[in-house]
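Q: Hey, I'm new to this one. Can you walk me through it?

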Amino acid sequence: MSHPEHVVVGMDDTPHAIAALRRAADEARLRAARLDVVRVAREGEPVTDAARIALDDLVASVLGAPTAGPVRCLITPGRPGEVLTRHAADAGLLVIGAGYGDRPLEGSTVSTVLRDATCPVLVCTAPDLPGRMSYTVRFLAPAPAAV
């Protein structure tokens with residue numbers, strides 16, 4: 001039995017992540033897919049009920065309730081790039097926010113995701129302000145046929 005497509009979005013409290021969440025929700029709606037919102041906790045940091053509730057509340061405040069489709073909120077400890085690519089291993093799309101500093105596409109999380117993701121990646125690189133969002137899309141070419 002095949003699994004329905006899902007869209008994964010990395011979530012923290014930055015304006016870029018909020019922009020990514022909104023775009024990921026739009027993409028999930030267009031694809032009739034589940035939205036997986038993944039917050040990465042620091043390694044060794046306990047994942048508490050309060051942290052889960054805070055993530056649920058943040059997502060609800062950004063997307064409104066009820067959402068157009070199923071949303072699953074997850075908190076996983078580890079390194080952000082590695083956690084996000086692992087969660088998106090069988091996703092239809094991975095959406096992340098980036099944009100601090102002079103080279104927003106060169107941070108460690110973005111670099112890891114762009115290098116290791118096995119699905120298309122959408123990077124929201126501008127603040128979540130009307131008319132100012134921009135996107136960088138990386139699509140993977142199909143694997144070459146075995147000879």
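Q: What should I know before we start?
A: This is a predicted model, where local features need pLDDT of at least 70 and side-chain atom pairs count only at pLDDT 80 or more, while totals for chains, interfaces and linings use all residues. Residues are numbered from 1 along each chain as its sequence is written, and side-chain values use heavy atoms, with hydrogens and water left out.

Q: OK, at what angle do H1 and H2 pack?
A: About 65°, with the axes of H1 (residues 15–31) and H2 (residues 49–63) 10 Å apart. That makes H1 roughly perpendicular to H2 (65 to 115 degrees counts as roughly perpendicular). Helices here are DSSP runs of H or I, at least four residues, and strands are E runs of at least two.

Q: Which residues make that contact?
A: Ile 18, Leu 21, Arg 22 and Ala 25 come from H1, and Leu 58, Val 59, Val 62 and Leu 63 from H2. Contact means heavy atoms within 4.5 Å.

Q: Now the largest pocket: what's its volume?
A: The largest pocket has about 450 Å³. A pocket is an open set of points on a 1 Å grid where a 1.4 Å probe fits, with protein on both sides within 12 Å along at least five of seven lines; lining residues have an atom within 4 Å of a point.

Q: How many residues line the largest pocket?
A: There are 24, and Asp 12, Pro 80, Leu 84, Gly 97 and Thr 109 lie nearest its centre.

Q: Which element gives the most to that lining?
A: S2 does, with 4 residues. Strand S2 spans 34–41, and other elements giving two or more residues include helix H3 (80–87) and helix H4 (108–116).

Q: How do H3 and H4 cross?
A: Their axes come within 8 Å and cross at roughly 35°. Pro 80, Gly 81, Glu 82, Leu 84 and Thr 85 of H3 meet Thr 109, Thr 112, Val 113 and Asp 116 of H4.

How values were computed
Axes are lines fitted to C-alpha atoms, for helices over the stretch in contact, and angles run from 0 to 180 degrees between N-to-C directions. Angles under 35 degrees count as roughly parallel, over 145 as roughly antiparallel, 65 to 115 as roughly perpendicular and the rest as oblique. Grid points are joined across faces, edges and corners, and a volume is the space filled by probe spheres set on the points.
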